[in-house]
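Hi there,

Here is the structure I promised to pass on to you.

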Amino acid sequence: MEFNVNGEHLIDSISEAARIAEGSHGETAGRLVMIEAHSGGLSVSSGSGDRSVVFELPLINGRDSGLNILVHGKLAADGRMLSEVIRKIPGRLSIKASTSHKISISSTDGQISATIAGFPLEQLPDFAYGEFPYIYKLETSDLAAGLKNTAACAANTSTRPILEGINLAFDEDGLTFTATDSSRLAMWKAAGSAGFSKSFTLPARNAAELLKLIGKSPSGEAAIYISDSQAAFTTSTFRFCSSLLIGRFPSSENLMPEGCKTELVINRKQLLQGVERSMIFAGVRRNSLVSIFAKDENTIIMSSPKSEMGMIEEVQELRSISGETGASAVINGSYLADALKGTDSEYIIIRLYGTMKPILISSSAEANYFQLISPVRTASGMFLENRQMQKQY
């Protein structure tokens, strides 16, 4: 196998492939990357136990990348070592692989050359793709938004492993992304009928890798290929395949609360800044909580818990309020911050449904996004009493 190419066009693909292959393993065997030179160009691929990736450098782009395929074939190498050697040799490179598993890399002007060890192709993990009977196409930006706006709500660890992922459900209304850790739930919808009814749960750790890949090429069209055990995500530059979590993801159809008592509309950035200020004293776990009190038709009062370290409270103006004033809720500040960061809308809607009922956070501009957060029961005296707040303000 032999080809010439401008080195900078390969570095990112090899580095990303090595990182995805490595996973939680640090040994060389967990960083192996395969490069294949074929009639269409170059393919850089790797895989671990439950995911794989393929980057394509088409020959049609050869003018920009300096790509010239001389001999078709494949090589396997330690991705970290390979990318580091290529990074250190400037300009156009000649890369050759021999049957003795030696890989030579040299500048085409002959001034610099290096040799690194290759590996038998058999050492690469076997990640069979199989058949994908379902396909759904969407904008790459929508795929990124769905993953980004729900990922924070997936459980880190759980007695129910199915909650450690993001559920993608396809039907005639489009694609719905859902994640929950039982204390909160996020949902984001992409329009466009699927033409079929199907769902799967993508491991959150693999969703994070997919988001990193999309971040390097966020525009254009993406496609999702689905089978019973795997899902493949493709864009113009890569193909990422992941195994799926086994189990039934909890239904969210009946989770929407009814009987809203108070609806608040408030500036999102202003509220987020207030939440972050209220968490200044979050060194103690309970102090990550935030109290929101609808004081009157124009303002809310936000406060952190009272503690030996201190506390903070502030008044924020509302854009509007519907329903009862005097309503209040105590909520995990980190959860609320994540919900506010999930949209770029100028205003956010907070719906309160009564004592210990979920709080609904949604965007005033985006009907396809919302989060449900469970309120927290607190001991008497942890926050300023509402009556005290009213007297003070």
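Below are some notes on the cavity, the aromatic pairs and the charges over rings.

One thing to keep in mind from the start: this is a predicted model.

The structure holds one cavity of 30 Å³ or more, and about 40 Å³ of space lies in the largest cavity. Its lining is made up of I292, A329, I331, I350, L352, I359 and I361. By class, that lining comes out as seven nonpolar residues, with no polar and no charged ones. Three strands, β23 (328–332), β24 (347–352) and β25 (359–363), each supply at least two of the lining residues.

Next, the aromatic rings. Searching the whole structure turns up seven aromatic pairs. In one of these, Y134 and F196 have ring centres 5.0 Å apart and planes at 40 degrees, so the pair counts as tilted. Y134 belongs to strand β10 (residues 134–139), while F196 is in the loop between β13 (184–191) and β14 (198–203), so this pair ties together parts that are 62 residues apart in sequence. Y134 is partly exposed, at 29% relative accessibility, whereas F196 is buried, with a relative accessible area of 15%. Both rings also belong to a cluster in which ring pairs link Y134, Y136, F170, F196, F200 and F233.

Finally, the charges over rings. The charged end of R319 is placed over the ring of Y347, 4.2 Å from its centre. R239 lies over the face of Y225, with 5.7 Å to the ring centre.

Note on methods
Residues are numbered from 1 along each chain as its sequence is written. This is a predicted model: local features need pLDDT of at least 70, side-chain atom pairs count only at pLDDT 80 or more; totals for chains, interfaces and linings use all residues. Side-chain values use heavy atoms; hydrogens and water are left out. On a 1 Å grid over the protein atoms alone, a cavity is a set of points where a 1.4 Å probe fits but cannot get out, and a pocket is an open set with protein on both sides within 12 Å along at least five of seven lines; lining residues have an atom within 4 Å of a point. Grid points are joined across faces, edges and corners, and a volume is the space filled by probe spheres set on the points. Helices (H or I, at least four residues) and strands (E, at least two) are DSSP runs, numbered from the N terminus. Ala, Val, Leu, Ile, Met, Phe, Trp, Tyr, Cys and Pro count as nonpolar, Asp, Glu, Lys and Arg as charged, and the others, Gly among them, as polar. Rings of Phe, Tyr and Trp (its six-membered ring) pair if their centres lie within 6.5 Å; planes under 30 degrees apart count as stacked, over 60 as edge-to-face and the rest as tilted. Buried means under 20% relative accessible area, exposed over 50%, partly exposed in between (1.4 Å probe, protein chains only). A charge sits over a ring if NZ of Lys or CZ of Arg is within 6 Å of the ring centre and within 35 degrees of the ring normal.
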